[in-house]
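Please open the model in a viewer and keep the selection panel at hand.

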Amino acid sequence: MLKLLSGEILKKKTECLVVPVCEDESIYDDPAINALIENARKIKEFKGKTDDSVILYDSAESKSERILFIGLGKLEKIDAETLRSFAGKTVKQLIKKDLTEIVLCAPSPEKLELKDGVVLSAIFEGAFLGNHIFDKYKKDKTAKPLNVVSVFTDSKIAKSCRLLPSRIEIICKGTILAREWVSMPSNEKRPDRFVRSMVKAAEKEDLSFSVLDEKALKQNGMGAILAVGVGSRSKPRLLILDYNPFKNKKSSKKKKTIVLVGKGVTFDTGGISLKPSAGLAEMKMDMSGAASVAATLITLARLKHKFRVVGVLPVVENMPSGNATRPGDIIKSYSGKTIEIGNTDAEGRLILADAMSYANKMFKPEVMIDMATLTGACVVALGEKIAGVFANDDQLAKDIVASGESVDERCWAMPMPDDYKTLLKSEFADINNMSNTRYGGAITAALFLSEFVEDTRWAHIDIAGPAYSKKGGDYCGAGGSGFGVRLLIDFLNKM
Ligand code: BES
Ligand code: ZN
Ligand code: ZN
């Protein structure tokens with residue numbers, strides 16, 4: 001649980017008081033904190049450099065059992081992400097010491113030239129996300145998360161930000177929900193089960209939902225989703241999650257609707273165009289887009305968001321089998337366009353194509369955003385920490401990039417040159433799902449999707465890099481990162 005504290009720091013009873021320290025000058029207004037730091041600086045090896053740390057026990061002047069000083073480095077380099085990382089690393093370190101409750105000191109926002117809310121949010125986020133342990137599948141649970149993390153700040157800021165801890169907690173719980181779905185092994189989240197798990201979570205909130213099963217997908221002519229799912233014993237689904245704050249209110253005014261589409265491939269073998277076995281286990285993460293979108297909708301409901309947002313989630317398993325779709329096959333999509341399957345491993349764009357044309361027709365959204373672990377090429381272009389953003393509207397791309405910056409889920413706007421569309425030409429069908437060159441794969445994938453969005457304002461976020469981390473980071477364990485939840489919430493909140 002997250003809490004805000006203010007008052008006299010020396011009177012706070014805690015297992016551990018944590019004081020982040022700047023290398024070159026004081027970042028606190030509180031004289032008591034400055035005196036503690038003065039004392040710590042007497043220890044030769046503690047300079048306040050990044051990751052310097054020193055721990056003092058049983059200090060005479062403070063009620064805390066121990067005081068941990070942690071270096072943040074140079075003032076000019078300290079930003080919100082420095083604070084998130086500091087809080088995450090600190091929590092991870094103190095979990096190992098078997099502590100249950102700690103107090104983190106928040107530096108003065110003015111001294112860091114940051115907004116009050118930015119400093120506190122960053123510390124809360126890093127602490128809450130760093131406190132998550134994914135050990136569901138281990139018999140020996142070696143560590144227990146902390147029960148309470150309090151952040152100490154001055155009383156004026158504490159008052160104006162009093163609603164922040166519960167808000168940050170709701171948002172971070174969304175990120176953690178997505179992380180757990182992504183880290184879950186594919187034998188436990190085959191399409192029907194994964195959909196049931198999302199529905200179960202949605203039912204607890206104020207969300208409506210509907211599920212199209214295989215029969216309904218056939219009746220609706222969703223040939224692209226069906227073609228990807230046909231090789232697996234677990235049949236595909238299309239899940240619609242609807243957050244509508246106006247659902248019980250009569251009003252003739254047209255209210256805006258945003259659609260979020262998420263790629264939900266519960267395991268991607270590549271199909272008949274089978275992937276090599278190295279790293280194949282990681283393809284359990286190919287449903288990260290769906291996980292982040294579902295978690296975002298649940299979070300919106302908990303936050304009582306102000307306008308309607310609909311999630312459209314195609315969920316399939318991409319398997320090779322005697323019944324699987326072959327390269328060279330031609331299928332008919334929901335839009336009516338025929339698609340030649342150049343490669344069965346380019347399955348994400350197929351399920352998204354049907355989901356997006358369906359969403360357009362049913363909800364006529366003002367903006368549509370899809371999130372997908374779509375291409376290895378995007379990871380080659382931007383690395384493992386940055387998502388690619390493709391949009392038919394420059395302002396939309398800019399807004400997404402800006403939200404990414406403020407929550408440190410980084411995005412980079414990529415081009416969608418019209419002339420590259422010829423790379424997707426098919427001799428026999430309206431379009432091929434694979435480009436005829438091996439270059440620019442993230443771009444041609446986005447161009448393929450653009451053929452199914454008509455004139456709706458649309459953005460595609462390729463999260464193949466940042467959705468999953470083998471090693472984890474400062475405030476994320478190994479596995480799913482939950483990338484996209486904080487990004488979408490920030491974006492929708494600013495809309
Ligand atoms: N799920 C993969 C993309 C992916 C790669 C996600 C690495 C996460 C990490 C996607 O379905 C895929 O296989 N894409 C192919 C497309 C190609 C066949 C045109 C790719 O990127 O190689
Ligand atoms: Zn694939
Ligand atoms: Zn895939």
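Begin by selecting Glu347, which counts as buried at 1% relative accessibility. The model is a predicted one. Next select Asp268, which is likewise buried, with a relative accessible area of 3%.

**The zinc site**

Display the zinc ion (ligand 3) together with Lys263, Asp268, Asp286 and Glu347, its protein donors.

Now inspect the angles at the zinc ion (ligand 3). Six donor atoms surround the ion and subtend angles of 77 to 173 degrees, so the arrangement is octahedral. For reference, ideal angles for six octahedral donors are 90 or 180 degrees.

**The largest pocket**

Select Lys275, Asp345, Thr375, Gly376 and Ala377: of the 35 lining residues of the largest pocket, these are the closest to its centre. The volume of this pocket is about 870 Å³. Helix 12 (376-382), helix 14 (441-450) and strand 19 (468-469) are the elements that give two or more residues to its lining. The largest share, three residues, comes from helix 12. Coloured by class, the lining of the largest pocket shows 12 nonpolar, 12 polar and 11 charged residues.

**The second largest pocket**

Move to Lys385, Ser469, Gly472, Gly473 and Cys476, which lie nearest the centre of the second largest pocket among its 23 lining residues. The space here amounts to about 710 Å³. Domain 1 (2-162) and domain 2 (169-494) each contribute at least three residues to the lining. At least two residues come from each of helix 2 (80-96), helix 6 (164-183) and strand 19. By class, this lining has six nonpolar, six polar and 11 charged residues.

**Helix 15**

Finish with residues 485-494, which form helix 15; because eight of its 10 residues are buried, this helix is largely enclosed by the rest of the structure. The buried residues include Val485, Arg486, Asp490 and Phe491.

Note on methods. Residues are numbered from 1 along each chain as its sequence is written. Chains are lettered from A and ligands numbered from 1 in the order in which they are written. This is a predicted model: local features need pLDDT of at least 70, side-chain atom pairs count only at pLDDT 80 or more; totals for chains, interfaces and linings use all residues. Side-chain values use heavy atoms; hydrogens and water are left out. Donors are N, O and S atoms within 2.8 Å of the metal (3.2 Å for Na, K and Ca); water is not among the atoms, so sites may look incomplete. Four donors count as tetrahedral if all angles lie between 85 and 135 degrees; four count as square planar and six as octahedral if opposite donors are over 155 degrees apart and all others between 65 and 115; anything else is irregular. Buried means under 20% relative accessible area, exposed over 50%, partly exposed in between (1.4 Å probe, protein chains only). Helices (H or I, at least four residues) and strands (E, at least two) are DSSP runs, numbered from the N terminus. On a 1 Å grid over the protein atoms alone, a cavity is a set of points where a 1.4 Å probe fits but cannot get out, and a pocket is an open set with protein on both sides within 12 Å along at least five of seven lines; lining residues have an atom within 4 Å of a point. Grid points are joined across faces, edges and corners, and a volume is the space filled by probe spheres set on the points. Ala, Val, Leu, Ile, Met, Phe, Trp, Tyr, Cys and Pro count as nonpolar, Asp, Glu, Lys and Arg as charged, and the others, Gly among them, as polar. Domain bounds come from an automatic or database domain assignment.
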